Amino acid sequence: MDFKLVSQFKPNRDQEKARDFIVSRIQEGDKYSTLLGVTGSGKTFTASSIIEKIQKPTLVISHNKTLAAQLASEFKSFFPNNAVHYFVSYYDYYQPESYIPTSDTFINKETSVNEEIDRLRFEATTSLLSRKDVIIVASVSCIYGLGKPEDIKNRFLKISKKDKIKISEIASHLTEIQYERNDVELSRGKFRILGDIIEIHPANMKNLVYRIEFFGKDIEKISQIDLLNRNTVKVLDEISIPPASHYLTKNEEINSIVKEIEKELEIQEEYFKKNGKLIEAQRIRERVAYDIEMIKEIGYCNGIENYSRYLDGRSEGETPYTLIDYFGDDYLTIVDESHVTLPQIRGMYNGDRARKRNLIEYGFRLPSAYDNRPLRYEEFEDKMNQMVYMSATPTNEEIIKSGDNIVEQIIRPTGLLDPIIEVRKTENQIKNLVLEIQKNIKKNQRTLVITLTKKQAEDLTDYLIDLNIKVNYIHSDVKTMDRVDILRDLRKGKYDVLVGVNLLREGLDLPEVSLIGILDADKEGFLRSKTSLIQIIGRAARHSGGRIIMYADKITDSLDYAIKETKRRRKIQEKYNKENNITPTSIKKNIEEAEIPGRAKKEEKDYKIYKKLSKKDLNYIKENLEKTMLKEAKNMNFENASSLRDEILEIDRILKNKKF
């Protein structure tokens, strides 16, 4: 199916110009182009228009999971009839395997896998291997190793109603592609046999299973059924079941893989002995020998990705296979907030290698573990086909690579102007700021205050509290869940002021904020660079009365650039508004509790009620919560789904511990 953009909106002048320019560059074969779009100008809509025009599978890379989820939701609304998927790390919690030599401390790998995200990853790769109208919104986890795409595609189990096959043969095939038999509980990646019936729960499906009914070697019926209510969804003539793992070993290849691992083990063990490292020699022998036994028995072992070089048939140091390889040769990459995302991609390789160095040197892993790694930046660049950078503040890298292929998108469909900027002296800056905050409070509008240090943020918060101002602070020491809670409370009016060191996180959407005060704005550095200042200014661009007050005793180069650039953009928007008779209006966005993970008070109340209910009632509530959770996850409302999942887990604990 072709990409078909569905929207009630029509592109404005700037969006059309940006779309047509970038499409022309892509069609001319240029590798790099940049969409320089200001906050609120509809960059995602423009990106969707580009995808519709060029009709290529598209990878969209974002620098964090939350923003990736927001983007995936937006793209899904624009392309309801195409395949839009979400691909991020499937760990809710991840403590990598590591060793600290100074204290002789080995830290085992500890993880908490989010089953729903894991399923979405399989859904993404399955779509890429079976169709072309695919958009994958991914975090930088897309540069980490996955199984070889050809191996995955060739191991799909295809079953037709015309086939002559035994149940035992299907079970054998399923085991080879990492499915487990469980005749009691059917869950994702498992199958069960009930007489002449086999039921399979594919790795890429949540609540749908395949049911195959036999009469001897003849297949009488293939149906897809709902796992929860057991109703038949559809009857099929044939099905294709993807492997349950992105790392597969073929039975005929296991012996050769094991021989390669044993050969490396002997070399490494001998190396340790020659250098008098007898403990390391014994350690590596025991650990790898256990892994080998597991691979021989079941074709898998914990940490099998550390042997991915042998599984994929790669040479030492050869580039690993990643999600990017599943796109084929002709595709488009869009890098969202490129000024943040590209440096993040650049830093992944060195961090991973530094951790593995100790594991290898002290006998916890073989040197081949180095090849289970993210891409180096140059490898990432080599794999890219054509790229569109999106940012309000592209760095020199994007500008140099794009050359003349840079287009601005400054006009906001809402007519909102860039905020007015004032520069005031630092003398009595706090006293002056307090007066401005109090004026804002009278107008029922919110204020952000940007400081240089965490301590300054905390001290200023204490000072404002003493003045009876409703205020809180937010910085990197505040837990992520609490940060979202605080932002929600700011919007609701529980706080009138929020103080922080770095509130310029891309995607921070606070329409109620009309004033931002930047303390010590002339202290040149990362937090006061021209990129940072432009991003901070953008946070006040969602309110019709947006203002910025910068406290500075001198105009630095960064300040000068940010002020002039903001004025330039404001003039362009003013001219457009006048020509089109547009009155700027503040963005209105509903404040929904479901978007916020801070649920402590609500949970306490609900759990007290649950403890009083019967077992039958609890099971009924749990079943309905699971259905709602699946629906929310399907619609990519992941935070709401996560909230419901926590509630379901609490009910499970009550069912387990309560005596009925």
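Which residue lies over the face of Tyr 370? Arg 353 does, at 3.9 Å from the ring centre. The views below come from a predicted model, in which local features need pLDDT of at least 70, side-chain atom pairs count only at pLDDT 80 or more, and totals for chains, interfaces and linings use all residues. Residues are numbered from 1 along each chain as its sequence is written, and side-chain values use heavy atoms, with hydrogens and water left out.

**View 1. Charges over the rings of Tyr 370 and Tyr 561.** A charge sits over a ring if NZ of Lys or CZ of Arg is within 6 Å of the ring centre and within 35 degrees of the ring normal. Arg 353 is placed in this way over Tyr 370. Lys 530 lies over the face of Tyr 561, 4.7 Å from the ring centre.

**View 2. The aromatic pair of Tyr 99 and Tyr 362.** The structure holds nine aromatic pairs (ring centres of Phe, Tyr or Trp, the last by its six-membered ring, within 6.5 Å; planes under 30 degrees apart are stacked, over 60 edge-to-face, the rest tilted). In this pair the centres are 4.9 Å apart and the planes stand at 45°, so the pair is tilted. Tyr 99 belongs to strand E5 (residues 98-100), whereas Tyr 362 is in the loop between helix H10 (338-361) and helix H11 (377-383), 263 residues apart. Helices (H or I, at least four residues) and strands (E, at least two) are DSSP runs numbered from the N terminus. Tyr 99 is buried, at 8% relative accessible area, and Tyr 362 is partly exposed, at 26% (buried is under 20%, exposed over 50%, partly exposed in between, with a 1.4 Å probe and protein chains only). Together with Phe 106 and Phe 364, the two tyrosines form one aromatic cluster.

**View 3. Strand E24 and its neighbours E21 and E25.** Strand E24 (residues 513-518) is mostly covered, with six of its six residues buried. Two strands pair if DSSP finds at least two bridges between them. Five bridges join E24 to strand E21 (residues 446-450), and these two run parallel; Arg 446 has Val 513 in E24 as its bridge partner. Four bridges join E24 to strand E25 (residues 547-551), also in parallel, and Gly 517 stands opposite Ile 549 in E25. E24, helix H16 (residues 530-538) and E25 make a right-handed β-α-β unit (with the strands pointing away from the viewer, the path from the first strand over the helix to the second runs clockwise).

**View 4. Helix H17 and what covers it.** The 23 residues of H17 should span 33 Å at 1.5 Å a residue, and the end C-alpha atoms are 33 Å apart, which agrees. The expected span is 1.5 Å times one less than the number of residues. Among the buried residues of H17 are Leu 559, Ala 562, Ile 563, Thr 566, Arg 569 and Tyr 576. Elements that cover the buried residues include helix H1 (13-27), strand E1 (32-37), H16 and E25, where contact means heavy atoms within 4.5 Å.

**View 5. Positive phi at Gln 178 and Asn 581.** Gln 178 has a positive phi of about 75° although it is not a glycine. Gln 178 sits in the loop between helix H6 (167-176) and strand E10 (180-181) and is buried, with a relative accessible area of 16%. Just after H17, Asn 581 takes a positive phi of about 55°. Asn 581 lies in the loop between helix H17 (557-579) and helix H18 (600-610) and is exposed, with a relative accessible area of 71%.
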